[in-house]
Structures are given as C-alpha cells and as structure tokens.
Amino acid sequence: MTADVVRQAFRWIESVAVPAEGGLGWQEAGERFDDLYAGTAGVLLGCAEATATGRHPADGPVVTTTDGGVVTAAGSALGRVAAGARGRLVHLARHEPDAATMPDDGLFGGWAGVAVALRAWGRVSGDRVALDTAASVTVRMAERLLRRPVDPGRCSDVISGDAGILLALLDALDEDADPVVAQAANVLADGLVGLAEDRPDGLHWRMRAGDERLMPGFSHGTAGVAYVLATAGDSLRRDDLRDIAVRAADGLLALGRRPGGWALPLLVPSRPDRPAVTFGWCHGPTGTVRLFALLDAVDPQPRWRLAVEECLGALRDSRLPQRLYPGYWDNLARCCGTAGVGQMLVDRFQDAGDPALLTWADTLAEDVLARTVSTPAGVTWSNTEHTRTPPQLPPEPGFMQGAAGIAGWLARLAAPATAPVLPWI
C-alpha cells in the first residue's frame, strides 16, 4: 500500500507543476519557489529520497535536455518530476545572475539548498551533470562568502543563515572539492563561534544578534548551530569546533530539564501566546536529538546516549499524533509535523536496531495515511490550521511542508535499511 501511495503522491506533484525555464517549477499560494523549503530543490530532494530506496526508480528513456545535460526521465511520474526539477535547477545555476527566485545563499531559501538538492540527486542517480552543477554552485557560493564584509547582525541559523550555508559546504567536502570550499567552511565556522552567546546555562546562538528571544531548537538556534559545528569539527579535523558544540549541547541538556521529564523550550524567555514546548524537527526534540546522536558518534559519552533517550521520551510523553486539543498536532509534514518525527525514528532504528522504533514509525504512518487527500491526479496531504474556516490548508508539493517530504519519508519507511540522503533532516 505504501509504495502505491508514494507513486500516487508523485503523480499529484507532477500534476501541480508549472512550466519553467529549463524544466518544471512548483508554487505555493500562487508564487513560484525554487528553494529547498517549498519549491523545486525540495521536490528534487524528495525524488532523491524515494529513488535511494531502490523501490521507486526514476525509470524511463534517457533524454537529452536543451542545455546539453543528460537525465533519466519520463517512464514514471517520479522520473518526470525528477527530470523537470533537475533541469530547472541546472538552468538556474547556469543563469545565476538572472535567478530572481534565489535571493541569497541560505540553505532552505537560496543557493545552498540548490547545491544540496542537486548533489543528493546526483549521488543516488549517478547524474554527473547534477553533481558537476552542484560543485560549481558551491564554489561560487564559497567565493562570495570569502568576499563578504563582516556583518555582526547576520543570520546564524540553519534555515537561512551561516549554519545552513556551512552545512552545504561540508556536504561537498567528501568529493574532489575546490580548496576554496574548505577555506570558506573554516571562515564560516570561525564566524559562528564568534557569534556564540555565553550564558549561565551554556553557549547559545540567537537567530540574529540582538533578537529579543532565543529559539534554542534546530531550525533557528543553538541545537542546529551546535550540530553544524560538531559536523565541521569532524569534517575539518578541528577539535576546537567539536568542543564548542559539546559546551552548547551540555547547556541544552540543562535547559530542557524540568519536573516530569526533558523538553527543550520553544522560546527563552517564553511568550504567553505560544506553547511552552513543541515537538517537531524545527523547534523540538525531533531536531535536537540529531545533535546528541552526532556527538555520541564522534565523542561517545554516556550523557549523549541518555540525551537521545530523553528526546525520545519527550516525544512519547507528547502522545503524538493524538490531537489532544485544537491546534496541538495539526501538521503532517517534515518541518513541524509527523513525517519529520517518523523520519527521525527510521534514523534511530538504523543506529540502535530496535524494532520498537519502526513500530512507532508505522503508527505515525497510519495516521498520515488516514489523512491522505485523494484527487483525480493522485494523492496529497493537507495540514490544518484550527483557527481558519475551513481549517484544512491548501495542499503543498514541497519538501518541508508538503507532499515531496512526506512521500520521501514513506518511501524510506518501507525500506528502513536505506541510509538517509541527508542525515540532518
């Protein structure tokens, strides 16, 4: 059943594609996006996840595109979607100065995400043009970073800031990378260390210096930046960066301890109109656990394994996917919802080999499948906003809040021995 749902999801994604220079594009609320969060790059990443399992090949004849690249295309909806998304991103990269949909170098909104998506697709499909294009995007991005003037108010986070860009640079270092990539990675890492705020409960990063509140989770704050610095410490062979990440992680452990269990606060200080804690990849234990699991791999200590279990315990205590009250758990997607939790559980299964984690992930999948929206073109999903009438939001095709990310997770859940295409999401 799951395999058919994945195929049907890519049929729906194909049905909402719009023609774009070089290939296909996708829209959210009538606006076209080519980024990793909502647009073309994220759609290609979803294709890469499904293809990596070996159960959803992008089958079809080899087609030569107008820009000279060669892609596998057309026999399946997944193949056609991948070909269209890949062609669009290659075109954008070859016409970079005119790419109005790429406003900056951010990971989820800009060029870093294009490089990551093309590289992921190239690795699982053997597409040499995609890999070469990703490398050229990464080099140009690194060169811009080295010319960039110092800005103390720059964004530091994973979503839009230096931590996310650094992740993209590090992702390129396992190949025959231009030396400028490692140079820029070191500069970015040093800059992030300089932006750390030394608080009584440990090192922290605000999304931007001067922001009123900390968001200590993965997407906009400490957990994400520390994860990136730990990754950089390993990739760049710099123990100082790992030590910074350890200090930050110890601070998060202290910050999340509370009567009845462990849970990282959404905001510090809290706001009365926001929940005290959330549970997704972006702000909750689903994302933060990746920091502790990484530290357990590069610097094995009992406290990191305990921290992983505390994150899982917080998720169990949350009782998701039960909707305990309106607005409690209305999101199905990778960033803030059920698919992100399910993807993390598959990753933890690979690490621990505990079949109970897959049983848990299957329970989440049953809830997601029960909320599938059937259309004449295929299937998709709709998140809910309980304050709206009607509460169902329009379905989205993208990775972080839409069908591409959910389908990628369902494909992986059906083949849980498959390694993650990206370990951090």
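A disulfide is a pair of cysteine sulfur atoms within 2.5 Å. The views below are all taken from a predicted model.

**View 1. Cysteines without a disulfide partner.** A search of the whole structure finds zero disulfides. The sulfur of Cys282 has its closest cysteine sulfur in Cys336, and because the two are 3.7 Å apart, they are too far from each other for a bond. Cys282 counts as buried, with a relative accessibility of 9%. Cys311 is likewise in no disulfide, and the nearest cysteine sulfur to it, that of Cys282, is 14 Å away; Cys311 counts as buried at 1% relative accessibility.

**View 2. The largest pocket and its lining.** The largest pocket holds about 1,000 Å³ of space. It is lined by 34 residues, of which Pro275, Thr278, His283, Gly327 and Cys336 are the closest to the centre of the pocket. By class, this lining is made up of 15 nonpolar, eleven polar and eight charged residues.

**View 3. The second largest pocket and the helices around it.** The second largest pocket has a volume of about 490 Å³, and of its 24 lining residues Tyr227, Thr231, Leu294, Pro423 and Trp424 lie closest to its centre. At least two lining residues come from each of helix 6 (162–171), helix 8 (222–235), helix 10 (285–298), helix 11 (302–318) and helix 12 (338–352), and helix 10 gives the most, with six residues. Twelve nonpolar, three polar and nine charged residues make up the lining of the second largest pocket.

**View 4. The largest nonpolar core, seen around Leu107.** The largest nonpolar core has 137 residues, and those touching the most other members are Phe10, Leu107, Phe108, Phe292, Trp381 and Trp424. When neighbours within four places in sequence are left aside, Leu107 is in contact with Leu36, Ala112, Gly113, Val116, Val158, Ile159, Gly164, Ile165, Leu167, Ala168 and Trp424. A second, separate core consists of five residues, among them Cys155, Met207, Met215 and Leu266.

**View 5. Glu49, a buried residue of helix 2.** Glu49 lies in helix 2, which covers residues 40–52. With a relative accessible area of 5%, Glu49 is buried, because buried means under 20%. Apart from its neighbours within four places in sequence, Glu49 is in contact with Arg334, Gln343, Phe399, Gly405, Gly408, Trp409 and Val421. Glu49 and Leu422 are 8.8 Å apart in space, C-alpha to C-alpha, although 373 residues separate them in sequence.

How values were computed. Residues are numbered from 1 along each chain as its sequence is written. This is a predicted model: local features need pLDDT of at least 70, side-chain atom pairs count only at pLDDT 80 or more; totals for chains, interfaces and linings use all residues. Side-chain values use heavy atoms; hydrogens and water are left out. On a 1 Å grid over the protein atoms alone, a cavity is a set of points where a 1.4 Å probe fits but cannot get out, and a pocket is an open set with protein on both sides within 12 Å along at least five of seven lines; lining residues have an atom within 4 Å of a point. Grid points are joined across faces, edges and corners, and a volume is the space filled by probe spheres set on the points. Ala, Val, Leu, Ile, Met, Phe, Trp, Tyr, Cys and Pro count as nonpolar, Asp, Glu, Lys and Arg as charged, and the others, Gly among them, as polar. Helices (H or I, at least four residues) and strands (E, at least two) are DSSP runs, numbered from the N terminus. A nonpolar core is a set of buried Ala, Val, Leu, Ile, Met, Phe, Trp, Tyr and Cys residues joined through side-chain atoms within 4.5 Å. Buried means under 20% relative accessible area, exposed over 50%, partly exposed in between (1.4 Å probe, protein chains only). Contact means heavy atoms within 4.5 Å.
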